[in-house]
Amino acid sequence: MAATKTITIDPVTRIEGHSKITLHLDETGRVTDARFHVTQFRGFEKFCEGRPFAEMPSLMARICGICPVSHLIASAKACDELLAVRIPPTAEKLRRIIGIAQVVQSHALSLFHLSSPDLLLGMDADPATRNIFGVLEAEPQLARDGIALRKFGQQIIERLGGKRIHPGWVVPGGVNNPLSQQDRDAILAAIPDALAIALRSLAWFKGVAEKFADEAESFGSFPSLFMGIVNDDGNLAFYDGKLRFVDGDGETVADGLDGADYAEFLGEKVEPWSYLKSAYYTPKGYPGGIYRVGPLARLNVAQNCGTPLADEELRVFRMLHGRTPASSFHYHHARLIEILHCVERMEELLNDSEILSTHVRAEAKPNALEGVGIAEAPRGTLLHHYKIDEQGLIIWANLIIATGQNNLAMNRSVLQVAQRYVRGEHITHGMLNRVEAVIRAYDPCLSCSTHAAGQMALQVQLLGPDGAVLDEAVR
Amino acid sequence: MQHALVIAYGNPLRGDDGLAWRVADELRHNAPELARILCVHQLTPELAEEASDAELVIFLDAAAEGSAGEVLCRPVEAQTEPARFWHHIAPAEILSLCERLYAAKPRGFLLTVCGEHFKHGDTLSPVAIGAIPRAVAALCALTEREFYAA
């Protein structure tokens, strides 16, 4: 039996939640296998059992401090199905606004706070300065822009939902309160600055991305399926629509799929080395049914964004990277295009003639015992599926979260990056940072799996076949 | 115009960790004109922009260490050494961001109220509840002193 070694990166830094990566090396020092382990445990599907269904949106929002609004929306949509009501048109538009506000703030967090240090300072930069504070030293305007975009999104969430984190405003049947003219005008007044920042950030990114051609070729660059929601025009959609799968050539594999039928085409596999399940497209089996969700996938499945500035940027994106870019490095670029689209769409929605209507909630008692809610969260498609008893108490719940749907792709990406950059018995920060950086490109939200506390430390050990420590890096 | 900002942070679902939010509620009720108040779960970089508009920033937090019910106040200076970015940042780092990103130098203070129980739950311990009026009084006194005494 050949002698092997294992490198462990524990935890992976600058992502949401806690995880570790193990790299398996053969006796020549070549990486033969790699795994992305999610070390947290989640229990939301179980401990909500027995609770009244109307509590579910605010309960599910507690899953995450970064994307609580996505859970609110998917949960409320599942509850709408239980009520069997059509929510008022204004309520739907207001839900759309708060949903895309969250996309803006979450994407800004991912790109500016977590990934821009790698992109601006370089993958091999000193780890002590390769963070948001290093960014502000090197490029203060970029740091200010990141902060401003995140604040823009958070303040809209606060204006609509009452607070930035865990708002309870989205409820079964609609929303709790209408939008005031004062809040509408205040949000509209902030749109021009947000648009300017989004465009400036895109220009910056296109400039720096040229320096990462090598990373773009190995950061999860492989053919896979992509899945996302599209609207009736086949364009980018976050709140509602049908699911579409395309393959690596951009060919449509499945279209017009109803989220409520997810069990017919999505499977989940449990691996013994991770608490994160791996979702796959069942017609192609496991792991052949590997697919990706999130910003890159959404742009790959959509015909267009459907707003003028974002469509122009999408045209440039496709000119640079092709119609269906395969590399997960392009998640960053896609994220910025989505920010631009969301700000444009927000302006449209806020100028809608019905947006100040006070009819924002449909009241009903449960009329169905099962409901599925689906929406596009910042990191990808999110599904909430509930069953209730005659008293309206939850008896079963299933959540399929974006990060789980990217799990197979993240694992394959880690292996690809490790095989490209990690060699021999000596570990460099640059090598390991690239392994982590490809995970950051997906912007996984492991906090959607559970809550964790504690300071992020990093200890990497290179173990020989006999378990002896060959090299170690601690920070 | 002189402007004070109170940033109350903590988790109201973890017992006495929600003390800062409760003190902020009392402050809003009893002295709404005193300061602009923000309640957040943790300190994040974007708070620097809000803090940069203020002349006085008071960070309000619950502490696990110390004698339960004790109210402590100390000045905070902008951090000068390179900062590390974890899941949360410290008051000194917020002031540092104010200075380096927005060329603003608000005066900073950290007012902590020592708690007793930090387990799951949205209720405060009796000793923490008893400390709320003292914390509000300390906040009012601090603001008064910083703005008017000199």
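Modeller: Residues are numbered from 1 along each chain as its sequence is written, while chains are lettered from A and ligands numbered from 1 in the order in which they are written. Because the model is predicted, local features need pLDDT of at least 70 and side-chain atom pairs count only at pLDDT 80 or more, whereas totals for chains, interfaces and linings use all residues.

Colleague: Which helix of chain A gives the largest share of the side of domain 1 that touches domain 2?

Modeller: Chain A is divided into domain 1 (5-40 + 420-474) and domain 2 (86-218 + 328-363), with bounds that come from an automatic or database domain assignment. In contact here means that the C-beta atoms of two residues, placed from the backbone, lie within 7 Å, and 13 residues of domain 1 of chain A are in contact with 13 residues of domain 2 of chain A. The largest share of the domain 1 side, 9 residues, comes from residues 429-442 of chain A, which form helix H14.

Colleague: Are H7(A) and H11(A) roughly parallel or roughly antiparallel?

Modeller: Helices are DSSP runs of H or I with at least four residues, strands are runs of E with at least two, and both are numbered from the N terminus. Axes are lines fitted to C-alpha atoms, for helices over the stretch in contact, and angles run from 0 to 180 degrees between N-to-C directions. Helix H7 (residues 181-209) of chain A packs against H11(A) at an angle of about 160 degrees, with the axes 9 Å apart. Since angles under 35 degrees count as roughly parallel, over 145 as roughly antiparallel, 65 to 115 as roughly perpendicular and the rest as oblique, that angle makes H7(A) and H11(A) roughly antiparallel.

Colleague: How many nonpolar residues are in the contact of H7(A) with H11(A)?

Modeller: Among the residues that meet are A:Ile187, A:Leu195 and A:Phe205 in H7(A) and A:Leu336, A:Val343 and A:Met346 in H11(A). Ala, Val, Leu, Ile, Met, Phe, Trp, Tyr, Cys and Pro count as nonpolar, Asp, Glu, Lys and Arg as charged, and the others, Gly among them, as polar. On that basis the contact of H7(A) with H11(A) has 3 polar, 2 charged and 16 nonpolar residues.

Colleague: What is the angle at which H10(A) and H11(A) cross?

Modeller: H10 (residues 308-321) and H11 (residues 331-350) of chain A are roughly antiparallel to each other. Their contact includes A:Leu314 and A:Phe317 of H10(A) and A:Ile337 and A:Leu340 of H11(A), and by class it has 6 nonpolar, 2 polar and 2 charged residues. The two axes come within 8 Å, and the angle is roughly 165 degrees.

Colleague: Where is A:Pro287 in chain A?

Modeller: The peptide bond from A:Tyr286 to A:Pro287 is cis, with omega near 5 degrees. The place of A:Pro287 is in the loop between strand E10 (278-281) and strand E11 (291-292) of chain A.
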